[in-house]
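Have the sequence and the 3D view open as you read.

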Amino acid sequence: MSILTQQINKILKDKGLSHRRLAQIIGEHDSSLNSMIRSKRAFPDDVIQKIAPVLEVSPETIKGWILADKYPKSILKMAIEVKQEITPESDKLILTVKIDKLLKPQKLSRTGLSKVIGYNQGKLNKMIKGVEPISPLVISRIAPVLDVSEEEIISWTVADRYSLEALRVAIGI
């Protein structure tokens, strides 16, 4: 059973609520909510926002439970470290800042990186800027060029998507 499922079921039991009653309270279909609680379907932000007050937890706590199910603690710890270490410039993502910083000593541009890994420059640039999700294939190709682990790159993307509070909840479980 997932951490998300365990945590929600425990709170519902303590409150004397069923999944069906919770679904009624927040205005969701019972089957849809059950799929989310069982981690069979993604939990949209709007549902997290509706369910959090009923469970008397923060939305970030729920996101932390989801993270704890999705990523190993090693990646979550790296995400916390990098999030505390880097204050991204303006609107740049941690992923963007880290990749650009690691390319500089190698005298490689993003265009040069795309040639080294044999990947479309436009698509790669969109991934580095966070316009599109970075694929596992691209992560596996750029990790050796940047001389970092794939897990470290994944941690940058996790740090960009989630708050420190959610990351800390995930580690604490």
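Let us start with Thr-61, which lies in helix 5 (residues 59–70); helices here are DSSP runs of H or I with at least four residues, numbered from the N terminus. This is a predicted model, in which local features need pLDDT of at least 70 and side-chain atom pairs count only at pLDDT 80 or more, while totals for chains, interfaces and linings use all residues. Residues are numbered from 1 along each chain as its sequence is written, and side-chain values use heavy atoms, with hydrogens and water left out.

Thr-61 counts as buried because its relative accessibility is 17% (buried is under 20% relative accessible area, exposed over 50%, partly exposed in between, with a 1.4 Å probe and protein chains only). Leaving aside neighbours within four places in sequence, Thr-61 is in contact with Glu-165 and Val-169 (heavy atoms within 4.5 Å).

Now to the charged pairs. The whole structure holds eight salt bridges (a side-chain nitrogen of Lys or Arg within 4 Å of a carboxyl oxygen of Asp or Glu). Two of them are tabulated here.

| Salt bridge | N to O distance |
|---|---|
| Lys-50 and Glu-28 | 3.0 Å |
| Asp-45 and Lys-63 | 3.6 Å |

Asp-45 sits in helix 4 and Lys-63 in helix 5, so their pair ties together parts that are 18 residues apart in sequence. Asp-45 is partly exposed at 46% relative accessibility, whereas Lys-63 is buried at 17%. Through shared partners, salt bridges join Asp-45, Glu-60 and Lys-63 into one network.

Methods:
Helices (H or I, at least four residues) and strands (E, at least two) are DSSP runs, numbered from the N terminus.
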